[in-house]
Amino acid sequence: MAKTTLEDLKRIKENTSARVESKNAKSLLICGGTGCHATGSIPVKEMLIEEIANRGLNDQYNIIETGCNGFCAMGPILVVHPDGVFYEKVSKKNIEEIVEKHLVNGEIVEKCLYKDPVSKKRIPLQDDIPFFAHQMPRVLRNKGLINPESIDEYIARDGYQGAHKALTGMPPEEIIEQVKISGMRGRGGAGFPTGVKWDFAGKSEGSVKYVLCNADEGDPGAFMDRSILEADPHAVIEGMIIAAKAINASQGYIYARTEYPLAIRRLQTAIDHAREYGLLGDDIFGSGFSFDIDIYQGAGAFVCGEETALMRSIEGKRGMPRPRPPFPAQKGLWEKPTILNNVETLANIPQIILNGGEWYAAVGTETSKGTKVFAVSGDVNNIGLVEVPMGTSLRTIIFDIGGGIPGKRKFKAVQLGGPSGGCIPEQHLDTPVDYEEIAKVGAIMGSGGVIVMDEDTCMVDMARFFMDFIQEESCGKCTPCREGTRRLLQILDKICDGRGKPEDLDALEELSAVIKDAALCGLGQTAPNPVLSTIRYFKDEYLAHINEKRCPAKRCVALLKFEIDPELCQQCGLCSKRCPAGAISWEKKKPAVIDKEKCTKCMTCFSVCRYDAIF
Amino acid sequence: MVSVLHPQHPDITNDMWNEIDEVIDGRRSQPGSVIAVLRECQAIVGYLPVELIDHIATGLNLSKSRVFGVVSFYSLFSLKPKGRHTVKCCIGTACYVKGIKETLSRIQNEYKLEEGGTTEDRRFSLMSVRCLGACGLAPVMVIDDDVHGDVKPDKVDAILEQYA
């Protein structure tokens, strides 16, 4: 196809918008994100196509496989337009009924609707489900709506208009100015102002510059970048084109996690389509500006999310960070001026350019503007992606949108910011999400992973878990991180094994302070956060492990006796039935007994006992 | 193409060597391509024996230590042969909170498998991996390319039995 012009964009939008403004059109949107694929959305889609054909409804309905819908725990998800009826956990068995009842007779299939965990009521429309109703989708505006493998559908949602505006009508300074006005701060975690970063790189001398996209989403519990790439890959590409124009770069790389095969495939398709349309390559929009993007796959190293390490990795070396300055904006990839932005940051850029920086800054707090996507998971009813304005309270995210804690268990803490973050307890739940406010309570915004933990979580074990992660992912270049995190882990292991001593707590805090001060890169400097925040808020749990050799949450295997309290045992026999080692004997109307010789300490009995009788 | 003598290795057939050479030739002029070459070669052989690493180093005109350094740094690369099926347990935070630890220890106990190890019959290799981004399905286990969600310990047997 010849070079795309503004007229082409408008024409494509006109032709396609009837489909994507689907409130009016008949569409069946089936979620094709990683989560829904895993729960079987592909066979469901095939079945749907077959069933629709059998009924002769082909001409009436568009069947679209969208990117990640965001409500990941409810997959496979099917949304029926017009109206936007939301069906969850749709299986092949349900399809016939949905087609017969809903599509032919216009009756909603009750049993596949979302059931509110609090009111127990079924809610038919997607927009009425609290999980969606409280959100403000900006960066996620196209998720679950467009086909991510269709560039036309992206264009129909005003796609590439921002790039057109930037390339044909805005000098680099003006682009940077708009991004500065927007108040956009890096969504990868550190929160550095994006416009300032671009300004540095724009002013750096050099004819060769690079724009990099950090899609190495390594924080466990964060999956917004994966979802954006799966649902709306063109937004990232368009963001990169605008960034490239702002600093005058001609080549971009997307450094993507190898663990995200679907995201990489969709991204490659999107790049191919953009090239076909002349939106990547030479002389884009006839503006004389040229830019192209290649994908670079990571190889499984968490530290490569750090900017200097990521650049080393693209150069084909061990991904180890180096001291800054010089900053990448001066000397980055192959020693050339480089900017590196996170997926979510870049996906916001097209709308900032199209609508203006002030539009973006109109929501948010004093220091944190716009919206942020959070990946809510763990012990919470509604697991998925949540985009809310900055300044929303954690309580709103977890209870109003997340639907609270499953079962009758109580909330204990929320972990924010991945391995560099911290655990926030109940008393700080009203903290607004804002880079500074979150830091005050001992966590960081990070990439936006929100992991909710209920009372069955042992906080010492969580600290140990994060330290295990960090010390394994430490690249080993600087001593404070390499040795320090290993010592922290050893002390935590000792405490979890029941060998802790009272002075260990002081040692943890002292060591943490040194690592924070002395480590080379962000990974090391923030590594002690999970330890410090759990000591700060859950010191009594540490003391129970150390002084009483007791794990209050019953998670630390070494501190459990694997005995059954005959008083509490309700003689149901469930533990005996489930024990894989056959170590529990039980007869009707008698409490069960564990044979310690046979017991493998696998914890199955603990997880199945409803009466808390095993200790 | 420069003709290179192939080292002998029981796990690498002649066809594989030819494929490997194609990969190296295609990427030789591309700066920083060593990680991509290693990835593609591992996909051909299943792992990276030392003889293969040496061959890649020669082919890309890099020192053997440089290439070995890359292999040992990234967790994607394996120096040891893998089983027919790779079982990856996600030990991201969400999966951890939801109890992957118990699932993992069930597999270890029942299949006499260590983390990073392979069963004697080379049926399964067990790996723990960092967050797969499928937190909505936690705890998650991936066998080969199939994602299994909500894997509680007592579901393990039924799932693994599907893989001979």
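Two strands are taken to pair if DSSP finds at least two bridges between them, and helices (H or I, at least four residues) and strands (E, at least two) are DSSP runs numbered from the N terminus. The structure is a predicted model, in which local features need pLDDT of at least 70 and side-chain atom pairs count only at pLDDT 80 or more, while totals for chains, interfaces and linings use all residues. Residues are numbered from 1 along each chain as its sequence is written, chains are lettered from A and ligands numbered from 1 in the order in which they are written, and side-chain values use heavy atoms, with hydrogens and water left out.

In chain A, five strands form an open sheet of mixed pairing, in the order S13-S12-S16-S14-S15. Its edges are strand S13 (384–389) and strand S15 (422–425) of chain A, each of which pairs on one side only. From one strand to the next the twist averages 30°, where axes are lines fitted to C-alpha atoms, for helices over the stretch in contact, and angles run from 0 to 180 degrees between N-to-C directions. Strand S12 (residues 371–378) of chain A is joined to S13(A) in the antiparallel sense by six bridges, and Thr371(A) has Pro389(A) in S13(A) as its bridge partner.

Helix H18(A) lies across strand S14 (411–416), S15 and strand S16 (449–454) of chain A, and runs at about 15° to S14(A). This helix (residues 459–473) has 15 residues and reaches 21 Å from its first C-alpha to its last, close to the 21 Å expected at 1.5 Å a residue; the expected span is 1.5 Å times one less than the number of residues. Since 13 of its 15 residues are buried, H18(A) is largely enclosed by the rest of the structure; here buried means under 20% relative accessible area, exposed over 50%, and partly exposed in between (1.4 Å probe, protein chains only).

A nonpolar core is a set of buried Ala, Val, Leu, Ile, Met, Phe, Trp, Tyr and Cys residues joined through side-chain atoms within 4.5 Å. The largest such core holds 153 residues, of which Tyr160(A), Trp198(A), Phe291(A) and Ile107(B) touch the most other members. Helix H11 (residues 233–247) of chain A gives the most to this core, namely ten residues. Apart from this core lies another, of 71 residues, which include Cys304(A), Met467(A), Leu489(A) and Ala553(A). When neighbours within four places in sequence are left aside, the residues in contact (heavy atoms within 4.5 Å) with Trp198(A) include Ile175(A), Val179(A), Ala243(A), Ile247(A) and Ile349(A).

Chain B comprises seven helices and four strands, which follow the pattern α-α-α-α-β-α-α-β-β-β-α along the sequence. Its C-alpha trace spans about 55 × 30 × 25 Å along the principal axes, and 54% of its 164 residues are buried. The four strands of an open sheet in chain B have the order S2-S1-S3-S4, with mixed pairing. Strand S2 (124–129) and strand S4 (146–148) of chain B stand at the edges with a single partner strand each, so one side of each is left without a neighbour in the sheet. Neighbouring strands of this sheet are turned by 20° against each other on average, direction ignored. Strand S3 (residues 141–143) of chain B runs antiparallel to S4(B), to which three bridges join it. Helix H6 (residues 100–111) of chain B packs on the sheet, touching strand S1 (85–90), S2 and S3 of chain B, and its direction makes about 150° with that of S1(B).

The contact between the chains takes 56 residues from chain A and 39 residues from chain B. About 3800 Å² is buried between chain A and chain B, with carbon and sulfur atoms giving 56%; buried area is the accessible area (1.4 Å probe) that two parts lose on being put together, summed over both. Of the area that chain A buries against chain B, Ala299(A), Arg318(A) and Arg555(A) supply 16%, more than any other three residues.

Most residues other than glycine have a negative phi, and most peptide bonds are trans. Lys112(B), which is not a glycine, has a positive phi of about 50°; Lys112(B) is placed in the loop between H6 and S2 of chain B and is exposed, with a relative accessible area of 70%.
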